[in-house]
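Q: I would like to learn how to read a few features from coordinates. Could we begin with charged side chains?

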Amino acid sequence: MTRTLKIWGLLLVVLLAAGCSSSGNTWGWYVIDPTTPQGQSNVKFLIGGFWATIQLSLIAAALSMTIGLLVALPGMSDNRWVRLPSRIYIEFVRSIPLLPMLFWVFYGLPVVMKSMGIPISIDAFWGAIITLAISDSAFTAEIYRAGIQSIPKGQTEAARTVGLTYGQTMRYVVLPQAIRRILPPLANQFIYIVKMSAFASVIGMQELTRRANELVVTEYRPLEIYSLLILEYLVLVLIISFFVRWLERKMGSDERR
Amino acid sequence: MSAERVIEISSLNKSFGDFRVLTNVDLTVSLGERIVICGPSGSGKSTLIRCVNGLEQFDSGHIEVDGISLRDKGSAERVRAEVGMVFQQFNLFPHLTVLENLTLGPMKARGLSRKDAEDLAMTYLDRVRIPEQARKRPGDLSGGQQQRVAIARSLCMKPKIMLFDEPTSALDPEMISEVLDVMVELAQDGMTMLVVTHEMGFARKVADRMVFMDSGEIVEIGAPSAVFEAPKSERFRAFLDKILHHH
């Protein structure tokens, strides 16, 4: 990770140097120069999107983890008719690109709900959350399945023979063991959600990307502003991957015990 | 025998695809009876006892355990409440302590308080002679100790019947006797037992009846003294020859 940091740091220095040394208007870092009042207010505006992006990602991830588990569990049933809906859901959701799904949820879902007699309005925030959560849940479901199936069948059998129900077996025996294998890839999946949350900008959600877009329209400095935008995501993702590594180490050392 | 019949198996058939695992198996077990089942690997002996507590489904035939037919919906749960099982691979819960392994069933399935469950667990840990290991994780125990914990875990559910699926096959030779000793004591206490094992010494000592299975069929059945002295079938003779010389 420190190597990635160095490379990005180097790239940044090169870009800055290029911006300072070049004549003409190739670079115009003044637009986000924190030493000038205008630049400072621009940077504040851009960074102001962090909270929305984080909020969006966290809620979507929490929902995705819940839906994923509810989809994964029947997907491992011995009964193929119980298994089938889960498989269909995963295959279906996995094949829809995020952007069309976002449009459908934001513009189409309220119409469907209204026709069913449930008039709800979906704002950009919840539209983005629902879409991200559903889209990601197909992947979290597969992560759960892999983690749960990695627990030997004998564990389930032993739990059932001491009288535990299916639910109790999952809760007290299988999931506590599987969680060590599930959590690191699940946290990794969170990085995907953070990045995909940028799509929320197209339905008007004021997160990082939307703010950058808006500033580009008024300032007309796409290169500098999008560079900063990329840097913002980079910082966010680096923090999360740092956490993921820590989690993997912690889980790994637990496993060895 | 006029004793109460606790397990009745009749015309049991089961296939995995084209492979017939069990063919027309009939077996009746009375309360308190100890039955040892042996046979070459793939003979269906493990599958047979796994059918008894519903871990395996069967294709046709009938199994009744303590008056509960395993054909009925939801019967497997009720049967498992009466039947304990010990596995070849112990199958202890590695993320829980020994004590927690024992108290999980009584607390969650029987609704005992933690205090009562722990008292019960300690009683059985005493019986299998490892109370001092209560706070350890299964991974810190030897194979023989783990299997004794597994036996104690089953006993905590106060089963009427105990199934043993090759309980000593995964153990190092020096640990086999400590597990068999516990099983002998259990037999002497009058537990109804179905034991799949190749430990013929154990069979001679405790079995009321010996069952020899081959290719999914019960080939021979009878008192150990009788079947050991005069095996009727060539298959059983060949099998005994192999395992007795092996030991």
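Q: Which residue meets B:Arg5 in a salt bridge?
A: Side chains of opposite charge can pair when their charged atoms come close. A salt bridge is a side-chain nitrogen of Lys or Arg within 4 Å of a carboxyl oxygen of Asp or Glu. In this predicted model, where local features need pLDDT of at least 70, side-chain atom pairs count only at pLDDT 80 or more, and totals for chains, interfaces and linings use all residues, side-chain values use heavy atoms, without hydrogens and water. Residues are numbered from 1 along each chain as its sequence is written, and chains are lettered from A and ligands numbered from 1 in the order in which they are written. B:Arg5 pairs with B:Glu8, at 3.5 Å from N to O.

Q: Is B:Arg5 buried or exposed?
A: Buried means under 20% relative accessible area, exposed over 50%, and partly exposed in between, with a 1.4 Å probe and protein chains only. B:Arg5 is exposed because its value is 53%, while B:Glu8, at 31%, is partly exposed.

Q: Where in the chain do B:Asp66 and B:Lys160 lie?
A: Their closest N and O atoms are 3.0 Å apart, in a salt bridge. The pair links distant parts of the chain, 94 residues apart: B:Asp66 is in the loop between strand 4 and strand 5 of chain B, and B:Lys160 in the loop between helix 5 and strand 7. Helices (H or I, at least four residues) and strands (E, at least two) are DSSP runs, numbered from the N terminus. B:Asp66 is partly exposed at 21%, as is B:Lys160 at 33%.

Q: How many residues apart are B:Glu118 and B:Arg114?
A: They are 4 residues apart in helix 4 of chain B, so about one helical turn separates them.

Q: What does A:Thr140 touch?
A: Contact means heavy atoms within 4.5 Å. Leaving out residues up to four places away in sequence, A:Thr140 touches A:Ser64, A:Gly68, A:Leu186 and A:Gln189. A:Thr140 sits in helix 6 (residues 124-149) of chain A and is buried, at 1% relative accessible area. A polar atom of its side chain lies 3.1 Å from the backbone oxygen of A:Ser64.

Terms used. A polar contact is a pair of N or O atoms within 3.5 Å; within protein, one must be able to donate a hydrogen and the other to accept it, and residues adjacent in sequence count only if both atoms are side-chain atoms.
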